[in-house]
Amino acid sequence: MKAKPAEILREYGPFPGVSDVHGVSYDGKQVWIAVGEKLHALDPASGAVVRSIDVAARAGTAFDGTHLYQIADDVIQKIDPASGRVLSTVPAPEGGCNSGMAWAEGMLWIGRYQDRKIHQVDPATGAILRTLESDRYVTGVTWVDGGLWHATWEDDASELRRVDPANGEVLERLEMPSGVGISGLESDGADVFYCGGGKSGRLRAVRRPRAAS
């Protein structure tokens, strides 16, 4: 399957004091980026950081409609975005290579970078319910319109891939420009993917293609 070129709509950052962008999520109004020891909330219209939460944030981020979830080493933190308080934790998948995270169908979906896998995880217990395989390093993960997308980043090449959530088969590929990596990934629920830029310290908005009618 031939990849189509990704269309980058906008670039945000770099942001003051931010050297890496890890996880990315979206709460319907603000884009959240995990930047190491903080979660920053960005206004996607202005690109300004409008607030921050002090919390370990070096991997994937997700939003379930009420709460934020943030991977912090060997645990997944459930966070009240209003107060910034960590409400509970469950174990993260073992092995230390957890990357992106998304919320869908009442479950967390967690990318495993060097394992080239995506786990479906019970948010109440941390139990792994099933696993999809990839042939590339998996970074960000997101769902939109019932479709599962994940980002790859390997050998200075990155793609966005739509995959079959039943078996991991690649259905669509969007290729980023050479040297432009993707760390975290999130959809705005419509026409935009927000892509973390890793050590560039940037966030990029990429157009989501619509299926032909």
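Predicted model: local features only at pLDDT ≥ 70, side-chain atom pairs only at ≥ 80, totals over all residues.
I started with the contacts (heavy atoms within 4.5 Å): of those in the chain with a separation of 6 or more, 42% are between residues 24 or more positions apart. Residues are numbered from 1 along each chain as its sequence is written, and side-chain values use heavy atoms, with hydrogens and water left out.

Next, I looked up secondary structure. I found zero helices and 21 strands in the chain; these are DSSP runs numbered from the N terminus, helices being H or I of at least four residues and strands E of at least two.

Then burial. I get 52% of the 213 residues as buried, meaning under 20% relative accessible area, while exposed is over 50% and partly exposed lies in between (1.4 Å probe, protein chains only).

I checked the box too: the C-alpha atoms fill roughly 45 × 40 × 35 Å along the principal axes.

I came across a cis peptide bond between Gly13 and Pro14, with omega about 5°. Pro14 sits in the loop between strand 2 (8-12) and strand 3 (24-26).

Which residue other than glycine has a positive phi near 55°? That is Asp155, in the loop between strand 16 and strand 17 (157-163), and exposed at 68% relative accessible area.

I also noted Asp145, not a glycine, with a positive phi of about 50°. Asp145 lies in the loop between strand 15 (138-144) and strand 16 (147-154) and is exposed at 60% relative accessibility.
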